[in-house]
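Hi everyone, thanks for coming. I'd like to walk you through one protein model today, piece by piece, so please keep the picture in view while I talk.

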Amino acid sequence: MRISRRIALALPAAALALAVGSAHAQDMMKLKIGTEGAYPPFNNLTADGSLEGFDIDIAKALCEEMKAECEFVTQDWDGIIPALQAGKFDAIVASMSITEERKKQVDFTNKYYNTPPALVVPRESDIAGTSPEDLAGKVIGAQGATTHANFAETTFADSDVKVYPTAEEYKLDMVNGRLDAVIDDIIVLQEFLDSDDGACCKVLGTLTPREDIYGPGIGIAVRQGEDELREKLNAAITVIRENGKYKEINDKYFTFDAYGD
């Protein structure tokens with residue numbers, strides 16, 4: 001009788017524990033994170049199909065801080081905002097600049113980094129400086145639908161700005177001598193220069209980003225009206241900046257604070 005009673009008492013306790021565990025699993029926030037996977041060292045697909053980079057590590061740290069179960073989804077850059085709006089994922093962590101034009105379509109968190117744009121040219125280039133006059137008549141490569149392409153088309157009006165679907169494609173044309181210069185984030189360009197293919201080229205100089213084009217930095221995009229998610233992400237960004245996790249990730253990729261001023 002005693003054994004039977006113990007079993008009878010244990011069964012409700014076990015059922016309660018199972019129910020609590022199940023409820024906890026159901027309560028865990030689940031998020032799908034959209035990224036490009038073609039923009040090293042920020043986000044990049046490796047040969048085995050896994051994602052790596054600064055954006056990816058930051059997203060994982062934010063998910064851990066929010067106690068969220070996160071899944072990454074890769075998406076071509078020029079369709080990444082429409083895919084967010086269509087519900088393919090819940091947030092974009094893909095080095096997206098916070099701009100007024102994009103804010104008409106999505107909401108942004110506070111910035112999570114801010115690094116300057118730069119120009120890279122062939123090593124034997126005779127281009128003397130980064131002014132519009134220096135680049136007049138030259139062919140400049142940039143990734144399409146980016147702030148860098150917008151900046152180039154606006155600033156270098158007397159140059160031929162050629163846009164590409166991905167950064168990898170403009171790099172290929174640069175290596176093959178089809179471009180006089182390329183514009184992108186200094187970190188992306190330095191990653192290129194540090195590669196075997198990048199031996200062709202050098203940094204011409206960094207550029208002063210125009211606030212009306214580049215905005216205040218790089219943020220995480222969410223669907224308009226998703227205020228609760230945006231604020232949770234903002235809170236998590238603040239925490240990882242304060243607890244040292246951001247610095248740990250930053251120092252894995254850079255020798256300076258990518259967060260900027």
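Let's start with an open sheet of three strands, in the order β2-β3-β4, where the pairing is antiparallel. A quick word on terms: helices (H or I, at least four residues) and strands (E, at least two) are DSSP runs, numbered from the N terminus. Two strands pair if DSSP finds at least two bridges between them. The edge strands here are β2 (38-39) and β4 (51-52), and each of them pairs on one side only.

Before going further, please remember that this is a predicted model, where local features need pLDDT of at least 70 and side-chain atom pairs count only at pLDDT 80 or more, while totals for chains, interfaces and linings use all residues. Residues are numbered from 1 along each chain as its sequence is written, and side-chain values use heavy atoms, with hydrogens and water left out.

Back to the sheet. Strand β3 (residues 43-45) pairs with β4 in the antiparallel sense over two bridges, and N44 stands opposite E52 in β4. In the loop between β3 and β4 you'll find S50. Is S50 buried or exposed, or something in between? At 34% relative accessibility, S50 counts as partly exposed; buried means under 20% relative accessible area, exposed means over 50%, and partly exposed is in between, with a 1.4 Å probe and protein chains only. Leaving aside neighbours within four places in sequence, S50 is in contact with N44 and L45, where contact means heavy atoms within 4.5 Å. The C-alpha atoms of S50 and G37 are 9.1 Å apart, and those two residues are separated by 13 residues along the chain.

Now look at strand β1 (residues 29-35). Five of its seven residues are buried, so β1 is largely enclosed by the rest of the structure. β1 pairs in the parallel sense with strand β5 (residues 68-74) over seven bridges, with T35 standing opposite T74 in β5. β1 also pairs in the parallel sense with strand β6 (residues 91-97), over two bridges; there, the bridge partner of G34 is I92.

Next comes helix α2. Nine of its twelve residues are buried, so α2 is largely enclosed by the rest of the structure. Among those buried residues are F54, D55, I56 and D57. Just after α2, K67 takes a positive phi of about 55°.

A pair of aromatic rings is described by the distance of the centres and the angle of the planes. Rings of Phe, Tyr and Trp (its six-membered ring) pair if their centres lie within 6.5 Å; planes under 30 degrees apart count as stacked, over 60 as edge-to-face and the rest as tilted. By this rule the count comes to 14 aromatic pairs. Take F54 and Y113: their ring centres are 5.6 Å apart and their planes stand at 85°, so this pair is edge-to-face. F54 lies in helix α2 (residues 54-65) and Y113 in the loop between β7 (106-108) and β8, so the pair ties together parts that are 59 residues apart in sequence. Both are buried, F54 with a relative accessible area of 0% and Y113 with 1%. For F254 and F256, the centres are 5.7 Å apart and the planes at 25°, so that pair is stacked. F254 is buried, at 6%, while F256 counts as partly exposed, at 37%.

Ring pairs also link residues into a cluster, including Y39, F42, F54, Y246 and Y259. The charged end of R241 sits over the ring of Y246, 4.7 Å from its centre, and also over the ring of Y259, 3.9 Å from its centre. Sitting over a ring means that NZ of Lys or CZ of Arg is within 6 Å of the ring centre and within 35 degrees of the ring normal.
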